[in-house]
Amino acid sequence: MNKGLVSKTTGKWYKVRTAAGDIIDCRLRGNFRIKGIKSTNPIAVGDIVRFEIQSTDGTGLITEVEERRNCIIRRSTKLSRQTHIIATNIDQACLVATLGFPRTSTGFIDRFLVTAEAYHVPCILVFNKIDLYNKELIDYQNSIAEVYRNAGYRCIGVSATQHTNIDELHRLIDGKTTLFAGHSGVGKSALLNALSPDLGLKIGDVSLFSMKGKHTTTFAELFPYGNGYIIDTPGIKEFGMVDFSKSEISHFFPEMKALLHNCRFANCTHEHEPGCAVKQAVEQGVISDFRYTNYLNILNGREMDIEEWQK
């Protein structure tokens, strides 16, 4: 029995990387199921699988998937209850955001971070295209980054085109399996090319009409990088969250989780209850207004992002 790491999935075919570095095209055994996983894709990039080589054509037949350490998962579409696994067995995720050209809202950022917290994936916020920022955008980025650093997240400002802070980003990801995610147009592919020029990933443009990116990455794909791996993913337009109970959402905001034991009621939703330590922290400026607003939107199932900054 052979063993390998799923590096790409395209429909019914899976590219599996062996320990020797060989890439084997594999299919699933008929009626294959993973216990407890109900998603559009039974196998995802990052899965460790066992497979048999077919004597007829040299392709592989996947017979087993090892237990997943973690994953990043989202709803397939806003109205769908099906889920899609973006990647599995991740050491960390880099959420690439831009505060202009196009703009990434904090609502999108917080939905991604909540999901990463829920599935035990550490996250780094990478603010790209800082070479295009004017003083107003630089000040805005600094204020946003300060909020997330205070919540416990590492933040880094980079420019893929000018190679600003690329060496620092390299030090953060070398030796680990790192997922790169974000909207189309935020420069994920350009950033990965800056980190590893041999990748030669296709780079898209940003529409001057909508200021939104055009998809260049079609499927998630894992690449060797230094002593680890990087995973490039298609641009995410909206991050549809899986269903969490209302009582657990605040546990995925680190700055709120630290205060939960101070609330008067054990089942406090931090929305209307008296004696709420989280609401008191918001009033005192310890928890930012926009993080609290995004929490309420998630709590009440509102998908629309709050535009906390206007041009």
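The questions and answers below concern a predicted model.

Me: How many salt bridges does the structure hold?
Reply: Side chains of opposite charge can pair when their charged atoms come close. A pair is counted here when a side-chain nitrogen of Lys or Arg lies within 4 Å of a carboxyl oxygen of Asp or Glu. In this predicted model, the count of salt bridges is nine.

Me: Which residue forms a salt bridge with Lys 8?
Reply: Lys 8 belongs to strand β1 (residues 2-10), and its partner, 213 residues apart from it, belongs to strand β12 (residues 221-225), so that the pair links distant parts of the chain. The closest N and O atoms of the two are 3.6 Å apart, and the partner is partly exposed, with a relative accessible area of 24%. The residue that pairs with Lys 8 is Glu 221.

Me: What is the relative accessible area of Arg 69, which forms a salt bridge with Asp 91?
Reply: The closest N and O atoms of Arg 69 and Asp 91 are 3.3 Å apart, and the pair links the loop between β5 (60-65) and β6 (71-75) with the loop between β7 (83-88) and β8 (92-97).

Me: Are Arg 291 and Glu 255 buried or exposed?
Reply: Their side chains meet in a salt bridge at 2.8 Å, N to O. As to accessibility, Arg 291 and Glu 255 are both buried.

Me: With which residue does the side chain of Thr 106 make a polar contact?
Reply: Thr 106 is found in helix α1 (residues 106-118), and it counts as buried because its relative accessibility of 1% falls under 20%. The contact joins side chain to side chain at 3.1 Å, and the partner is Asn 294.

Me: How many disulfides are there?
Reply: A disulfide requires two cysteine sulfur atoms within 2.5 Å. For Cys 268, which is buried at 8% relative accessibility, the closest cysteine sulfur is that of Cys 276 at 3.7 Å, so the two are too far apart for a bond. By this rule the number of disulfides is zero.

Key: Residues numbered from 1 in each chain as written. Predicted model: local features only at pLDDT ≥ 70, side-chain atom pairs only at ≥ 80, totals over all residues. Heavy atoms only, no water. Helix = DSSP H or I, 4+ residues; strand = E, 2+ residues; numbered from the N terminus. Buried < 20%, exposed > 50% of the residue type's maximum accessible area, 1.4 Å probe, protein only. Polar contact = N/O pair within 3.5 Å; in protein donor to acceptor, adjacent residues only side chain to side chain.
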